[in-house]
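I opened the model to look up its charged side-chain pairs and one of its sheets. My notes follow in the order of looking.

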Amino acid sequence: MPYIPGASLGGRRADLGSLSLGMVDASGVAWHLQGLEGWDGADQRAEYTPREADHGAWAAPVYLSQRPIVLKGKIEAPDLVTLDASMEQLIAAVTLTDTTLTVYDTTPKRATVRRSGAPLIQPLTDRIAEYSLLVTAADPRRYSTTLQTQSTALPSVTGGLSLPLTLPLVISATTVAGSITLTNLGSFPTRPTLSLSGPVVTPTIVAALPSGVTTQILYGADLQTGDVLVIDSNARTVTLNGTASRRLYFSGTWPEIPANSSVTYSWSSPVYDAAATLTGTCRSAWM
């Protein structure tokens, strides 16, 4: 049967890079997505040490493993030439490098995946083929497709009057709090990225958690005009201007936002400069 380009095929939809599964493409090819295994959960890594002369075992911390995902479905093309081209397109979509897999749940989520098995594509007729793709997400979290971004300058107060005026004269001061708040709407902790733009002298960042606990990040060096320092809490890297590692000057706690929570990040410096900025980005995360 002919399909209308751009039409949804109903049921589950997913994008593997630029390839839309569960949709009809511009060539009239119907990309059916009939199975999505592994998207609902990742295995865990856990160790148990038997208790000596006692029942049970001692449990070590439990961590999620990588997330293997299998996508299964069917390709329906108008003719043999288009089917052959579509099969090549599918093989090319399952890359050996990082590719974004987006699954359109009620709340769309994404993961970064790579090919981890040979693509299995079986032609059934001159217009129809079945496929099975194995990819793996090294980071098992499923992230929101929405990237939160907030920026702030260093804290400051400008304006206002201190004269002993008696007239009903009010001139308000302008306050920059020097803080940002990032929210995780998901069910699993997420790790933000914090970027500092110079000039700024030995900045300090304080994270205020919902529990009332505060943690601190110290950067023991200065940033000059044009410098950008990126603190990637998931990769555990501190990078200056995109190339140079500055992990040596970092001390404190890697930032993390608990599930269904917001964390406020405030920063300061012993020397104020209006051009300095702190930017935080994050995506909500699900297990």
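I started at Lys74, which is partly exposed at a relative accessible area of 22%; buried means under 20%, exposed over 50% and partly exposed in between, with a 1.4 Å probe and protein chains only. This is a predicted model, so I noted that local features need pLDDT of at least 70 and side-chain atom pairs count only at pLDDT 80 or more, while totals for chains, interfaces and linings use all residues. Residues are numbered from 1 along each chain as its sequence is written, and side-chain values use heavy atoms, with hydrogens and water left out.

**Entry: salt bridges**

I looked up which residue Lys74 meets in a salt bridge. The partner is Glu76, at 3.9 Å from N to O. A salt bridge here is a side-chain nitrogen of Lys or Arg within 4 Å of a carboxyl oxygen of Asp or Glu. Glu76 counts as buried, with 9% relative accessibility.

I then asked how many salt bridges the structure holds. The count is 8.

Next I took Arg12, which has a salt bridge to Asp105 with the closest N and O atoms 2.6 Å apart. Arg12 sits in the segment before strand 1 (14-16), and Asp105 in the loop between strand 10 (99-103) and strand 11 (109-115), so this pair ties together parts 93 residues apart in sequence. Strands (E, at least two residues) are DSSP runs, numbered from the N terminus.

Arg141 is buried, with a relative accessible area of 9%. Shared partners among the salt bridges join Arg12, Asp105 and Lys109 into one network.

I turned to an open sheet of 5 strands and read its order as 18-26-20-21-25, with antiparallel pairing. Two strands pair if DSSP finds at least two bridges between them. Strand 18 (179-184) and strand 25 (250-252) are the edges, each pairing on one side only. On average, neighbouring strands of this sheet are turned by 20° against each other, direction ignored; the axes are lines fitted to C-alpha atoms, and angles run from 0 to 180 degrees between N-to-C directions.

Within the sheet I followed strand 20 (residues 204-208), which pairs with strand 21 (residues 214-219) in the antiparallel sense over 5 bridges. I asked which residue of strand 21 stands opposite Ile205. I found Ile217 there.

How values were computed: Helices (H or I, at least four residues) and strands (E, at least two) are DSSP runs, numbered from the N terminus.
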